[in-house]
Amino acid sequence: MKQLIFTILVLVSCLFAKAQIAVDTLSTDALNELLIEQIERLAEDSDEDTDFEDLLENYIFYSENPVNLNSDEVMQLVELRLLNVFQYEELQKYRRYYGDFLFLEELEMVEGFDALTISIIAPTVYIGQDRGKEKITFDKLARYGKHQILGRYEQILERQAGYDDISDSALLAKPNSRFLGSPQRYQLKYTYNYRNKIRAGFVLEKDPGEMFFTDKVSDTIQKLLGKNYRRGFDYIGFHLYAKDLGIVKAAALGDYQLAFGQGLTMWSGMSFGKAGTGSSVMKQGRGISPKTSANETMFMRGAAATLGKGPFRGTVFYSNRLVDANISVADSLDEAELISSLQETGYHRTIGELQDRHAIRQQVVGGHFSYAIAHFEVGYTLHHTWLNVPLQIRPTNYNQFYFQGKQLTNQGIDFKYVKGKFAFFGEGAMSINPDTLSLQGTSALSRFAGLVGMTIKPAGYLNFTLLYRDYGKANQNLYSNAFSEGSRNQGQRGIYLGAEVAPAPYWNLLLYADQFQFTWLTSQVNAPSWGHDYYMRLSHSFSRRTNAYLQIRSKTKMKNSTDAFVFSHYPVFYTKNSVRFNINYQIGRDFHFSNKAEYAHYRNDDGSNSHGFFICQDVAYKPENKPFSLTFRYAIFDTDDYDSRVYAYESDVLYSFSVPALYGKGMRVYLLGKWKPFNNLTLYARIGSTIYNDRDEISSGLTLIKCNHKTDLKVETVWKL
């Protein structure tokens, strides 16, 4: 603890020393810093090893393909939470009064735009004429379209237990005791973009442990797998997308995502949730968007189109794809007749995982219809889901209201009203499942879910957000991703209050408090439970190249007691408190530094108590007018157990994001290199290693490594035409 306090004091001293020599120029790293903070918070709230590529694909896309500040494309920045609705309204007001923007610096004269906001959106916008109504020809598509080819290789260098040699007889006796493929991950991605209006591409991926072209298995294993035996790229995706073609506002063919309203009725893919700022809790449904990542779950595959004229807009969509599922009953041809769960890992490495691959067919059909006039918009969403095989989960006390059966209908109404200093929004949704209507407690009210909120901006330096949610315990939806505590929009109610304050120039204070209650049992609590989440982040920009923040968070929830001397595990409270200090600064033009220190404390009412800390030094060498850059991190961590773990974002190759959970005692180092030998070719290489001082083995099961270090390697090539 003394070492941690001493380190924080040293960092604070460095902050004031470095701030005096920093050059006051526009920082192009502000957007990345915003995303880093949100990703770390999202990773901390997630109980799983989440792939953030799908969530952040659009952020990278618009940083490489900026939107025209003098067009309606700016709404994309609101949907990405880079701007709030009030800032968007002020932008439109400025253009109405003074005409189109001529220089980016004009944003300083728009109310609500400070230096930080401008630096965040600067990489994503450009000044130009509005080409929204230009005629598209094949000649323009060929001449001005942009092509990009990306190839990536990844691997854990240490040997894992799942790749050990094993005889066919032993493998047949224990089918899931070995990975059938090689330890490499391969990804190949091609994308085409014409002025953000026409987009197309495909993505191919093979995960570690999955079979590739060079992997061979015996005839016995092939016969056992039957039609599930396959080599090569395990995931193949394709997308074709167009927007703003007259009455056709958007259209997609192949893989795509849908997002309407506040995400309660239909929002495929991921969402930031509470990881956004206090003024950005209100979602901006982007409608149809192309799905360009290699994420293998929560997306649509089929066709969708949005037509609009005047204040009316309508979207229709259809999806038909095979999904992974755990087969519990099969016929003589090994066709599934009954499934016990839907699988969302995307891994097909073992015999068991391959047998679950594409086990059932899921179809979704529906539409969204909206009416927008002046400052008000209302929408209605309806969709129906079919499974060709019924889902029958293993019954427990907490999951009796989960989705089961073959069919599910969801519908909802959303609205938003934005005018002046006020924004009101909300959505109500209901599910109808004919297979569970007979269950006790499945009244119409228990199948209803709703949220309503408002944001008030009484002054340019102050805004408040209030949101109330109530999700019935029998509300079932496979494509719901609204504001909530946890991943399910079911059996929960709560109230959220957020505030964002600029108490002085270059200072920003973000606060929120979320009180929530689970109205039914959960997987970790054998009774209804409740908790709270308090958050405070104070940031200061000493210059446009030097900024720092102090973050404090306290989260309390309930879980079953682990007391071994009781017959029934009763609920107890647990609290995790964390304090983080972070500073980013530059020395000269070429060196970028970042220092971070975090302390975490976990306390459980049944007696457990643990602590942890994390300290790191990042150094980035980015010389101007040079085709290369280097980023290095050295970090040490010391936590008593997994409960006091710390999450730390790491710089990575393009389109890849790493937020490891660090626990135990050890250190983490990595080196990332970027080289641009030609104008259109960029090469990335990254090697990192985690070295533990408190263990001789890492992980368990098939991912067990019989040493105290784990090394990861990534190599990527990006070719733009």
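Which residues are buried in α5?

Author: Please keep in mind from the start that this is a predicted model. In helix α5, the buried residues are V85, F86, Q87, Y88, E90, L91, Q92, Y94 and R95. The helix itself runs over residues 85–98, which makes 14 residues, and from its first C-alpha to its last it reaches 20 Å, close to the 20 Å expected at 1.5 Å a residue. An α-helix has 3.6 residues a turn, so residues three or four places apart point the same way.

At the start of α5, the backbone nitrogen of F86 has a side-chain oxygen of N84 within 3.0 Å, while just after α5 the residue G99 takes a positive phi of about 90°.

M298 has one of about 55°, and its place is in the loop between β8 (287–290) and β9 (300–309). With a relative accessibility of 21%, M298 counts as partly exposed, because buried means under 20%. H358, likewise not a glycine, has a positive phi near 50° and sits in the loop between α10 (351–356) and β13 (360–373). Its relative accessibility is 32%, so H358 counts as partly exposed.

S594, found in strand β24 (residues 591–604), counts as buried because its relative accessibility is 12%. Its side chain is joined to the side chain of N584 by a polar contact of 2.9 Å, and, once neighbours within four places in sequence are left aside, S594 is in contact with N582, I583, N584, C616, Q617 and D618. L240, by comparison, lies in strand β6 (residues 235–245) and counts as partly exposed, because its relative accessibility is 37%. On the surface, L240 belongs to a nonpolar patch formed with I149, L188, F202, F238, L253, W719 and L721, and together these residues have about 700 Å² of accessible area.

Definitions and conventions: Residues numbered from 1 in each chain as written. Predicted model: local features only at pLDDT ≥ 70, side-chain atom pairs only at ≥ 80, totals over all residues. Heavy atoms only, no water. Helix = DSSP H or I, 4+ residues; strand = E, 2+ residues; numbered from the N terminus. Expected span 1.5 Å × (residues − 1). Buried < 20%, exposed > 50% of the residue type's maximum accessible area, 1.4 Å probe, protein only. Polar contact = N/O pair within 3.5 Å; in protein donor to acceptor, adjacent residues only side chain to side chain. Patch = residues over 30% accessible without salt bridge, like charges linked within 9 Å, V, L, I, M, F, W, Y side chains within 5 Å. Areas by Shrake-Rupley, 256 points an atom, 1.4 Å probe, with all protein chains shown as cover. Salt bridge = Lys/Arg side-chain N within 4 Å of Asp/Glu carboxyl O. Contact = heavy atoms within 4.5 Å.
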